[in-house]
Amino acid sequence: MARDERSVTPQSEDFSAWYNDVVFRADLVDRGPVRGSMVIKPYGYRIWELLQADLDGRIKATGHQNAYFPLLIPQSYMEREAEHVEGFAPELFTVTHAGGKELEEPLVIRPTSETIIGEMMAKWISSHRDLPLLLNQWANVLRWEMRPRMFLRTSEFLWQEGHTAHPTAADATAETMLALGLYQDVAVEAAAMASVPGEKTPGERFAGAERTFTIESMMRDGRALQAGTSHFMGTNFATAFGITYTSESGTAELCHTTSWGMTTRMIGALVMTHGDDKGLVLPPALAPYQVVVVPIGRGEQAAAVSSAAAVLAATLQRAGIRTHVDDRPQLSPGFKFNDWEMRGVPIRLELGPRELAAGTALLSRRLSYRQPDAAKEAIPLERAPDLLAAELAAFQAMLAQRAADFRDDHTVAANSWPEFAAGVAVGWVLALHCGEQACEDEIKTETTATARCIPLAGEPEQGPCIRCGKASAYGKRVIFARAY
RNA sequence: CGGGGUGUAGCGCAGCUUGGCAGCGCGCUUCGUUCGGGACGAAGAGGCCGCCGGUUCAAAUCCGGCCACCCCGACCA
């Protein structure tokens with residue numbers, strides 16, 4: 001391949017290869033020794049920490065408390081909810097030995113914690129006064145995946161899982177929607193993604209849930225990615241684990257439970273939502289470095305430039321802007337420009353003798369939507385904190401707008417099968433569907449597209465199924481797409 | 001599980017057809033010169049050629065077996 005060794009595979013040539021190039025070259029991740037495992041490197045982990053802090057704040061602000069449950073779960077727990085075990089059995093890691101001896105009962109490494117938390121909830125809840133019980137945990141989970149992909153599907157991943165118990169179905173449903181709303185807010189406000197909240201069709205439901213909701217996001221190859229999910233369990237787990245309470249009138253009642261999760265997959269989603277052929281593009285809200293200062297100059301100039309860079313960085317830090325000075329002496333400015341573009345830093349400031357003399361810094365944006373040729377711009381140093389705060393806010397908003405425009409530009413409403421097939425090859429399709437599983441399966445076989453969600457905001461509409469012509473279900477259009 | 005591919009220096013690869021001193025580029029170390037879009041020179045360091053066995057005077061190379069990882073589908077956050 002004639003391509004420069006130092007750049008990445010273009011998206012248009014092979015999106016999948018592009019993704020791999022970027023996550024490694026941007027220094028987000030490395031491969032672990034075990035199939036499907038990953039080492040999240042400091043730069044990638046910082047993104048996770050920022051997302052985590054944002055989401056954790058929202059979770060706590062809505063009355064949930066963090067707790068931590070064990071990694072190891074008795075195998076028998078998994079088997080108590082029939083659909084749940086059936087759904088997860090193929091993915092389980094099982095521990096059969098400990099202390100050099102075979103265990104009497106095998107332990108599974110949690111693929112998710114409904115069962116062990118359900119068991120504990122049953123113990124902790126006895127009265128209607130104990131409800132609602134609003135728990136969350138930050139943890140790692142393990143699932144044996146057939147086809148791993150960095151961040152998107154690894155055998156071990158990090159997430160947050162909320163687990164709540166409520167007296168009534170209405171309360172639990174409200175909680176399910178509340179959690180979905182938190183995810184949508186994080187996705188849009190922090191990650192600048194254009195997610196669509198909706199409900200999963202029955203075939204796409206979580207194992208053991210009565211209703212599953214999702215936020216679906218569009219990646220830059222037109223595929224869909226589930227970026228967060230929230231489940232209404234009804235009384236399924238309460239029945240399996242005996243999560244009951246005594247009501248005000250003294251009767252024994254089953255709780256209604258929920259669970260909801262968002263994962264390190266979000267990092268992959270960020271990459272595929274905003275990235276381009278120069279590499280990663282990070283929204284300021286989640287960028288480890290929002291501004292990178294590149295000092296330019298050697299010899300006599302170096303000292304003056306580097307101290308000015310340090311002063312500038314300190315000033316910006318004080319203003320709450322995550323700033324980094326790239327003072328690596330052995331590397332040329334040009335190398336650094338490319339490096340930080342690869343790593344997705346929103347704004348770069350060049351500081352050399354010319355700027356020093358003029359009392360300015362040369363500002364360069366990682367991406368300029370609708371003005372791809374926008375030039376570098378000199379900004380006065382004394383106004384840098386205010387100007388950069390504004391620039392970062394504008395950059396964040398620009399990315400969100402760009403993602404929304406991209407989603408809308410790649411979404412079509414189809415009323416015929418040819419339209420459907422063509423639409424789903426390049427993006428999302430809104431179509432009426434009969435709701436039958438066999439029909440969904442047929443669509444998948446023919447186009448590889450699946451029902452992503454029934455958008456909450458969809459307009460009421462009835463008509464014939466896009467595939468089989470039977471009467472539509474759900475009362476509105478369904479999003480179909482190829483998915484990750 | 002099906003299909004394809006790859007295992008040789010930290011990374012990317014060549015060498016294998018036709019057996020004969022283990023190579024190249026990048027990176028790394030030291031010194032010097034450089035620094036406004038991926039700098040240059042000189043001198044260095046770095047190897048269980050995936051593993052096990054076989055053939056041979058001699059195996060990275062030929063033969064047999066095994067293992068691992070990657071990519072494309074089915075499963076999934």
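How many strands does the open sheet have, and in what order? The open sheet has 11 strands with mixed pairing, in the order β3-β7-β8-β14-β11-β10-β9-β22-β23-β21-β20. This is a predicted model, in which local features need pLDDT of at least 70, side-chain atom pairs count only at pLDDT 80 or more, and totals for chains, interfaces and linings use all residues. Residues are numbered from 1 along each chain as its sequence is written, and side-chain values use heavy atoms, without hydrogens and water.

**Sheet**
- Helices (H or I, at least four residues) and strands (E, at least two) are DSSP runs, numbered from the N terminus, and two strands pair if DSSP finds at least two bridges between them.
- β3 (65–66) and β20 (411–413) are at the edges with a single partner strand each, so one side of each lacks a neighbour in the sheet.
- Strands β9 (residues 196–199) and β22 (residues 450–455) run antiparallel and are joined by 2 bridges; Gly-198 stands opposite Pro-455 in β22.

**RNA strand B**
- Of the atoms of RNA strand B within 4 Å of the protein, 42% belong to sugar or phosphate and the rest to bases.

**Polar contacts with RNA strand B**
- Such a contact is a pair of N or O atoms within 3.5 Å.
- A polar side-chain atom of Ser-16 lies 2.7 Å from a phosphate oxygen.
- A polar backbone atom of Arg-354 is 2.8 Å from a base oxygen.

Conventions: Chains lettered and ligands numbered in written order. Near = heavy atom within 4 Å. Polar contact = N/O pair within 3.5 Å; in protein donor to acceptor, adjacent residues only side chain to side chain.
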